[in-house]
Amino acid sequence: MSEEYLCLDIGGTNIKYAIITADGNFKYKALLATEAQNGAKSIIAKIKNIAAKYKLQYNLQGIAISTAGIVDQEKGSIIYAFPEIFPGYSNTPLKRTLEDDCNLPCTVENDVNCAALGETWLGCARGTDSAFMMTIGTSVGGCIILDGKIIHGGANSAGEIAYMNIPQGNFHDIVSTTYLVNEISRQHNNNSDEFNGKAAFEMIANGDKIANIVLDKMLQSLLYGINNVCSILNPKTIILGGGIMQQKELLQPRIDYWAKKILPAIFYQNTQIKFAELGNDAGVLGALYYHLNN
């Protein structure tokens, strides 16, 4: 009988979950609404219900969790999560609670870190011994991978590039889907709440001058940030993930253009900039990799 693991990726909108074997093969996957506004107890109850159901159907050996928020991975607890998104989630002892109630070993790791582990295990950076992942969506996150392990830092906050400052401003404010949508909307005097990332990229693809200028300004800022990362860490691979990076065909030539202009030759020639490949599976696969190796 194969050994299987319940792997979950807890986000602000959905909880993605899957039954996965130790070699990364999916037996089942699904998602349900997080309903994070209902608090930590509601999230834990959902996980318990999932675990109880699938313990009856599979040979579960453990629970591997990827979650939003700053995580104490040794204790398996949530140090901090934005209270406006996850009320009551900070200081939640996920590992202890689930191990006590589900009678299965449990590990907990940050979602960006798990996505990076997934991509270095089975995705675009498979086989590399050093990588830095940037996830660009509502905000921007980062993770350092060295020899297959996450560098967590003294306060479990290594790689939190949202707080990095570059000449154009704070990275969080100028490199995100939020920035792209809001700036295009502002310059077009568009106050519609329905204007989103999809609409922004439709304007870009259709040649809208303002939208294209805003995108290029954001990608220039992105490359200044990548230059900083390369200067300090010199990783072999930069992984670009998050919703916005699904527009690979449109973005790749522009990113390469700014990379040539901004990165010193030693970085440009020796650092591969790759787009994440695993999509929504990266978090659960990375959670499993972390579980199996810790």
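These legends describe close-up views of a predicted model. Local features need pLDDT of at least 70 and side-chain atom pairs count only at pLDDT 80 or more, while totals for chains, interfaces and linings use all residues. Residues are numbered from 1 along each chain as its sequence is written, and side-chain values use heavy atoms, with hydrogens and water left out.

**View 1. The five-stranded open sheet.** The strand order is β3-β2-β1-β4-β7, with mixed pairing (strands are DSSP runs of E, at least two residues, numbered from the N terminus; two strands pair if DSSP finds at least two bridges between them). β3 (26-33) and β7 (106-110) are the edge strands, each with a single partner, so one side of each has no neighbour in the sheet. From one strand to the next, the twist averages 15 degrees (axes are lines fitted to C-alpha atoms, for helices over the stretch in contact; angles run from 0 to 180 degrees between N-to-C directions).

**View 2. Strands β2 and β3.** β2 (residues 14-21) and β3 run antiparallel and are joined by seven bridges. I19 has Y28 of β3 as its bridge partner.

**View 3. Helix α2 on the sheet.** Helix α2 (residues 94-102; helices are DSSP runs of H or I, at least four residues) touches β1 (4-10), β4 (60-67) and β7, where contact means heavy atoms within 4.5 Å. The direction of α2 makes about 155 degrees with that of β7.

**View 4. The buried side of helix α6.** In α6 (residues 197-205), the buried residues are G197, A200, F201 and I204 (buried: under 20% relative accessible area, 1.4 Å probe, protein chains only). They cover an arc of only 95 degrees around the axis, which puts them on the same side of α6; the arc is that of the directions from the helix axis to the C-beta atoms. These buried residues pack against α5 (177-187), α7 (209-233) and α8 (248-262).

Methods:
Buried means under 20% relative accessible area, exposed over 50%, partly exposed in between (1.4 Å probe, protein chains only).
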